[in-house]
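My notes follow in the order I took them.

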Amino acid sequence: MAEQRLLFVCLGNICRSPAAEGMFLHLVAQEGLEDQFLVDSAGTGGWHAGNLPDRRMRAAAERRGIHLPSRARQIQPADLTSFDRILTMDADNLQAVRSLAATEVPGGRQQLAMIEPMTSHCRRFSEAEVPDPYYGGEAGFEHVLDLLEDACSGLLATLRRG
């Protein structure tokens, strides 16, 4: 299988998208497929650029044995063509990435990444969005990880089928 390039996107790149990145990397490692994927995350906003993921998300992930190694960054126009898939956490993120694509690549002259909602890969959960846990309590971070585990498992299964 050729290397798949995936970018997970949320608002600030400190909760949901780094958790999706870490979760996907964790699942890939369990399958021994690390050399088949290039995985990154970004935010539609740049307020947290350079920061580690939120300490509460890191703690919740660590309890599950999942490491979140990334540093926050803002999505760049080049990401639209350097990744195969861009997976967004909610409708606002989806709209922001699609707007960036329409602005940066009018008429779609280049091969663009497939831009899709993360939850479209869920098999157990039926929620339309991965909710932002930033202003909530610990249960919100756990719920996000449950959703992301489901979505990342479904995404990996889809990618393995080709």
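Predicted model: local features only at pLDDT ≥ 70, side-chain atom pairs only at ≥ 80, totals over all residues.

**Entry 1, Glu-149.** I looked up how accessible Glu-149 is, and Glu-149 is partly exposed, with a relative accessible area of 33%. Residues are numbered from 1 along each chain as its sequence is written, and side-chain values use heavy atoms, with hydrogens and water left out.

Glu-149 lies in helix α5. I took helices (H or I, at least four residues) and strands (E, at least two) as DSSP runs, numbered from the N terminus. Leaving aside neighbours within four places in sequence, I found Glu-149 in contact with Met-23, Leu-27 and Arg-64; contact means heavy atoms within 4.5 Å. I also checked Thr-88, which is 61 residues from Glu-149 along the chain, and their C-alpha atoms are separated by 15 Å.

**Entry 2, α1 against α5.** Two packed helices are described by the angle between their axes and the distance between the axes. I looked up α1 (residues 16-31) and α5 (residues 138-161): their axes come within 9 Å and cross at roughly 50°. That makes α1 oblique to α5. The axes are lines fitted to C-alpha atoms, for helices over the stretch in contact, and angles run from 0 to 180 degrees between N-to-C directions. Angles under 35 degrees count as roughly parallel, over 145 as roughly antiparallel, 65 to 115 as roughly perpendicular and the rest as oblique.

The crossing of α1 and α5 is right-handed. A crossing is right-handed if the near helix is turned clockwise from the far one by less than a right angle, and left-handed if anticlockwise. On the α1 side I listed residues including Met-23, Phe-24 and Leu-27, and on the α5 side residues including Leu-148, Glu-149 and Cys-152. The residues of this contact divide into 13 nonpolar, one polar and four charged. In that count Ala, Val, Leu, Ile, Met, Phe, Trp, Tyr, Cys and Pro are nonpolar, Asp, Glu, Lys and Arg are charged, and the others, Gly among them, are polar.

The axes of α2 (residues 55-63) and α5 come within 10 Å and cross at roughly 55°. That makes α2 oblique to α5. The crossing of α2 and α5 is right-handed. Arg-56, Met-57, Ala-60, Ala-61 and Arg-63 in α2 meet Glu-138, Phe-141, Glu-142, Val-144 and Leu-145 in α5. By class I noted six nonpolar, no polar and four charged residues in this contact.

Is His-121 buried or exposed? At 8% relative accessibility, His-121 counts as buried. His-121 sits in the loop between β4 and α5. Not counting residues up to four places away in sequence, its contacts include Arg-85, Glu-116, Asp-150 and Thr-158.

Met-114 lies in strand β4 (residues 114-117) and is partly exposed, with a relative accessible area of 41%. Beyond four places in sequence, Met-114 touches Asp-84, Arg-85 and Ile-86.

Most residues other than glycine have a negative phi. Asn-13 is not a glycine, yet I read a positive phi of about 65° there. Asn-13 lies in the loop between β1 (4-10) and α1 and is buried, with a relative accessible area of 0%. Arg-71 is in the loop between α2 and α3 (79-82). Leaving aside neighbours within four places in sequence, Arg-71 is in contact with Asn-13, Gly-50, Asn-51 and Leu-52.

I counted five helices and four strands in the protein chain, in the pattern β-α-β-α-α-β-α-β-α along the sequence. Of the 162 residues, 48% count as buried.

Key. Buried < 20%, exposed > 50% of the residue type's maximum accessible area, 1.4 Å probe, protein only.
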